[in-house]
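User: I am new to this structure and would like to learn how to read its salt bridges. Please take me through them one step at a time.

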Amino acid sequence: MNVVEIVKLGRKYMKLWPEKSELARYFEEYRAIQVSRLSCRYLPGIALFVFIMQLYLGGLQQLPQSLVYAIFILTIPLQALVMLGVKADKFLPPALAAWYKEGVAKINQSGGDIKLSMHKPRYFDLAQLLCVSYQNARYPS
């Protein structure tokens with residue numbers, strides 16, 4: 001996979017992961033995804049603000065420094081998406097893979113017909129399972 005595909009996968013993974021706070025107790029990815037969502041939402045605006053304020057306060061002589069700061073701040077969301085893309089492409093550990101397979105079997109037994117990877121599930125597949133589970137929940141929170 002090239003970097004663009006990894007970033008796209010990270011973005012899909014971030015958008016797919018359910019925004020349920022109870023997941024923080026069970027999955028460490030929840031916190032990483034929350035931080036990534038926050039950085040993708042606010043850091044581009046902060047970068048623009050920093051760039052404009054340095055130019056406003058320091059004039060054109062501060063242009064190189066303000067560009068460096070703005071570019072650095074803009075790369076933080078990109079780094080977060082790359083890290084999420086790499087994590088989404090990793091295989092689940094054996095214990096979590098067994099739990100994943102049980103969850104897919106439970107949903108299919110209760111009348112659902114989901115076709116998720118059963119051979120070597122990845123973290124992206126886990127996010128899909130959690131998303132489907134919360135969409136099919138009888139009692140939404």
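Analyst: Start with one residue. This is a predicted model, and in it E29 counts as buried, with a relative accessibility of 6%. The residue belongs to helix α2.

User: Which residues does E29 touch, leaving out those up to four places away in sequence?

Analyst: Its contacts are Y13, W17, K87 and Y123. One of these, K87, is also a salt-bridge partner of E29, with an N to O distance of 3.4 Å.

User: How do I decide that a pair is a salt bridge?

Analyst: The test is a side-chain nitrogen of Lys or Arg within 4 Å of a carboxyl oxygen of Asp or Glu. K87 and E29 meet at 3.4 Å, N to O, so the pair qualifies under that cut-off.

User: What does the bridge between K87 and E29 tie together?

Analyst: K87 sits in helix α3, residues 63-88, and E29 in helix α2, so the bridge links parts 58 residues apart in sequence.

User: How many salt bridges are found in the whole structure?

Analyst: The search gives 4. Among them is the pair E19 and R37, whose closest N and O atoms are 3.7 Å apart. E19 is in the loop between α1 (3-16) and α2 (29-58), while R37 is in helix α2, so this bridge connects parts 18 residues apart in sequence.

User: Are E19 and R37 buried or exposed?

Analyst: Take each partner separately. E19 has a relative accessible area of 59% and is exposed. R37 has a relative accessible area of 10% and is buried. The cut-offs behind these words are under 20% for buried and over 50% for exposed.

User: Where do D89 and R122 lie?

Analyst: D89 is in the loop between α3 and α4 (94-109), and R122 is in the loop between α4 and α5 (123-135), so the pair ties together parts 33 residues apart in sequence. Their side chains form a salt bridge at 3.3 Å, N to O. As for accessibility, D89 is partly exposed at 30%, and R122 is partly exposed at 28%.

Definitions and conventions
Residues numbered from 1 in each chain as written. Predicted model: local features only at pLDDT ≥ 70, side-chain atom pairs only at ≥ 80, totals over all residues. Heavy atoms only, no water. Helix = DSSP H or I, 4+ residues; strand = E, 2+ residues; numbered from the N terminus. Buried < 20%, exposed > 50% of the residue type's maximum accessible area, 1.4 Å probe, protein only. Contact = heavy atoms within 4.5 Å.
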